[in-house]
Amino acid sequence: MALPVAEWQGRSSRLWAALSPALRERLAAASLHDAVRLGCDLLRTEEEEEAALVQLCRRVRTDKEPAAASWYREQGNREFGRCQYQAALRLYSKAASHELPGSPEVSMCFANRSAALFHLGHFEVCLEDIARAESHGYPDRLLPKVLLRKAECLLRLGRLQDAQDALRVLESKFAMDGLMTSPAHQTLLKKLSQLKVKLHEKRMCPEPAQEAHGGIQGRSEIWEENDSISGASSSLSLSFDAERGRHLVASQDIMPGQSLLKEEAFVCVLYPGESLPLPLQDGETVWDTRATNADLYCHHCLSQLLASVPCQGCSYARYCSQACADVAWQQYHRTECSLGALLLTLGVFCHVALRTVLLAGFAEVSRLVGWSHSGDEDLQSPETRCKCPSEAPDAGAAARGISGCDSRGQYQSSYQALFHLLPHIEQHSPEHKFLCMLSVVVLCKQLQAAGLEAAVLNQESPQQWSKPKTCEETSDKLSPELKTVAEAMLRHMLQLQCNAQAITVMQELGPGDGAVVNKKPVRLATAFFPVLSLLNHSCCPNTSVSFSGTAATVRASQPIPSGQEVLHCYGPHQSRMRVTERQQLLTQYFFECRCRACIEELESGVKSVVSRNSFCCPKCRAQMQGEEDTLCCSNEACATSASRENLSCRLQDLQQQIKKALDLLRNGKADQAIKMLLKCQMDAGNFLSPEHLLMGEMEDHLAQVYATLGKWQEAARHLKKSIEIVEMHHGPSSVETGHELFKLAQILFNGFAVSEALSTIQRAEEILSVHFGPHSAQIQELQEMKACLSELPRNILQRT
């Protein structure tokens, strides 16, 4: 979660309520500097709060636990025995993350994981795990089996000489061990003999090289970088006015699909997801086997994990490679490692705030915090924003009046730009500011108590960071330097409410090994993007944002004429909710939205497309209407009324039934899933409008079930109905429509409906390339399908 756990929020609220009115008033009006000072004084007398936080942290396990490792390895062995290699792979990774580094047990985890990787066809990564097992002291008596797997991987990869060398080592190993007559050894010898035959056949009959399909790579993107805005296209310019603040404007006409901004996150923190241990009644613990973001994505670069490299100090952080693990350790994890449970308890915003100051470095943090004291929160005024100490007196006109620009008038993706994002100190509620202050002060006290202050201040050599101390007792007084760190962190926590960017990814639902891949957007991480933060909100944006690892790319989703502002959606979108709901959600950003969609709906009485997401009359099927608890049929001749609460309960029950149907599908009971979904569809028709999004979701689910059964025509028929509803809500060129067309293309391709598949592929490609660019994975897959269909004989193409 973004904010601390509910129990810590509750303690903060009670502590706030117990303060004297005078102290509450002082804290509410305090600057960031004074808030930290008052918070430090307060916590010196509130030891009970820190003790309670220590207790909360004990619920979150981030230390190495050999008992957990053993349990996960046993679960992995069970899944491996059932040929569930993907599940076994993740369980072995969990086991490896809990083993002590360098132990023989961790070598067993890597060896077992290499077997799962081999069965999944990931031969290169399998070789990496075999090397890890060997380097961690894999037992000599078990080595022949692993060496045989290594030779077979090399053979599968076509590395014949390496395979032959591996076989020689294996034969030498057999010879040194003497004659082996056990059944297991005889089996290995038989496999060795078979592998040598395969190697000979490969050498005699090498496989022909496969020809690459033309046009698969797609068209290249035209990109000319802006001289004054890092990562931005030359088609943009930076502007400022009192109403809209800093914002980006098109300096020339922009076409749909054109890349406008490419930016690496200044800082990002993986969103952990929910995966706490499940306690049993007898006091023992069973560890969670569910896969969360922590299991699926690299904690540094956010790339998808296959065989994770665990941190040597904690069980939580995992990486896609040793290179990522080393960079993360050097930049921030050496400080965070021993505080994992505390950071997970205090929430992602607090974690992002800490990592921000660690990446910026104390010298830069101290410089900017010190400068902010000169004008304190006058920092927010246009007159003082241009007077950053890094700017020369003769800074260019581009820098004047626009905060965050450097001495050359350039707006960089830098800590200086990030520091100038508005914290909205006056707009936050006093209780929220108090919670944030309490959290950062407690975190800084723990840093000091754990002996990590020198690491935070960049005053210690890397050798001394390898084993940070842990301590539950904090000193009474926070050092001046850590007070500066706390002040910067408090600023960043307050900034995050308005400037945090959720990094999302399309995640596969289910095992991902079917002919039709079903995906949904998942929040992966929370990040600061200083340049992306320049984009103001609109409920009808003219851009689309996509992510690749820690990088964001903004593309125009519609034509943007020169002089028009470039706009981004912060979440509330006109196609997903009514104007009143959008305005309510946008209050967290401290502005009233006056975008085109909101003005039209508020002033012109235009009904939002979300009105289609309505209840219908159970008698005449006309739309139910009304803002109160009782809804009335819009058909005056009918005049039926119904309780909103009753209809909402029916909707919730229906959603639960749909969930049960999908569980049946996951358990291989497709026929029962179809019956339940058809019944749900019939029930929904009695009280939901035909255009309700849930009606479209049910059509989508039916398509998924029929595709699982290989009934492609039925699947296509249901998916087309889903697409009609999605288009009605989101528009024919929306990313949502593009994803649905991608699934339809897969179904038509597998059903051999060549002509219709080609036309669907073309339409999906046109939409998705606008939102994700010509080199995205989905575009590449669409082009591969198109190339495959285009190579079919002409007479087949004519018949279809």
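Arginine 156 is partly exposed, with 45% relative accessible area. Its salt-bridge partner is glutamate 152, and glutamate 152 is buried at 19% relative accessibility. Both residues belong to a predicted model. The protein has 800 residues, of which 51% count as buried. Its secondary structure comes to 31 helices and 17 strands.

**Overall fold**

- Contacts between residues at least 6 apart in sequence were sorted by separation, and 66% of them join residues at least 24 apart.
- A search of the whole structure for salt bridges finds 32.

**A salt bridge within one helix**

- Arginine 156 and glutamate 152 meet through their side chains, at 3.5 Å from N to O.
- Both sit in helix 9, which covers residues 143–156.
- They are four residues apart, so about one helical turn separates them.
- Glutamate 152 counts as buried because its 19% relative accessibility falls under the 20% cut-off.
- Arginine 156, at 45%, is partly exposed.

- Glutamate 336 and arginine 355 form a salt bridge at 2.8 Å, N to O.
- Glutamate 336 lies in helix 13 (residues 322–336), and arginine 355 lies in helix 15 (residues 348–360).
- The pair therefore ties together parts that are 19 residues apart in sequence.
- Are these two side chains' residues, glutamate 336 and arginine 355, buried or exposed? Both glutamate 336 and arginine 355 are buried.

- Arginine 59 pairs with glutamate 7 in a salt bridge, and their closest N and O atoms are 3.1 Å apart.
- Arginine 59 is in the loop between helix 4 (47–57) and helix 5 (66–81).
- Glutamate 7 is in helix 1 (residues 6–18).
- This pair ties together parts that are 52 residues apart in sequence.
- Arginine 59 is partly exposed at 43% relative accessibility.
- Glutamate 7 is also partly exposed, with a relative accessible area of 36%.

**A salt-bridge network**

- Salt bridges link Arg113, Glu128, Asp129 and Arg132 in a network.

**Packing of helix 24 and helix 26**

- Helix 24 spans residues 644–666 and helix 26 spans residues 693–708.
- Their axes come within 11 Å and cross at roughly 10 degrees.
- That angle makes helix 24 roughly parallel to helix 26, because angles under 35 degrees count as roughly parallel.
- The crossing of helix 24 and helix 26 is left-handed.
- Helix 24 contributes Leu651, Leu654, Gln655, Ile658, Leu662 and Leu665 to the contact.
- Helix 26 contributes Leu694, Met698, His701, Gln704, Val705 and Thr708.
- How do the residues of the contact of helix 24 with helix 26 divide into nonpolar, polar and charged? Eight are nonpolar, four are polar and none is charged.

**A buried loop glycine**

- Glycine 773 is found in the loop between helix 29 (754–772) and helix 30 (777–790).
- With 0% relative accessibility, glycine 773 counts as buried.
- Glycine 257 is 516 residues from glycine 773 in sequence.
- In space, the C-alpha atoms of glycine 773 and glycine 257 are 6.8 Å apart.

Conventions
Residues numbered from 1 in each chain as written. Predicted model: local features only at pLDDT ≥ 70, side-chain atom pairs only at ≥ 80, totals over all residues. Heavy atoms only, no water. Axes fitted to C-alpha atoms, helices over the stretch in contact; angles between N-to-C directions. Helix = DSSP H or I, 4+ residues; strand = E, 2+ residues; numbered from the N terminus. Parallel < 35°, antiparallel > 145°, perpendicular 65-115°, else oblique. Left-handed = near helix turned anticlockwise from the far one by under 90°. Contact = heavy atoms within 4.5 Å. Nonpolar A, V, L, I, M, F, W, Y, C, P; charged D, E, K, R; others polar. Salt bridge = Lys/Arg side-chain N within 4 Å of Asp/Glu carboxyl O. Buried < 20%, exposed > 50% of the residue type's maximum accessible area, 1.4 Å probe, protein only.
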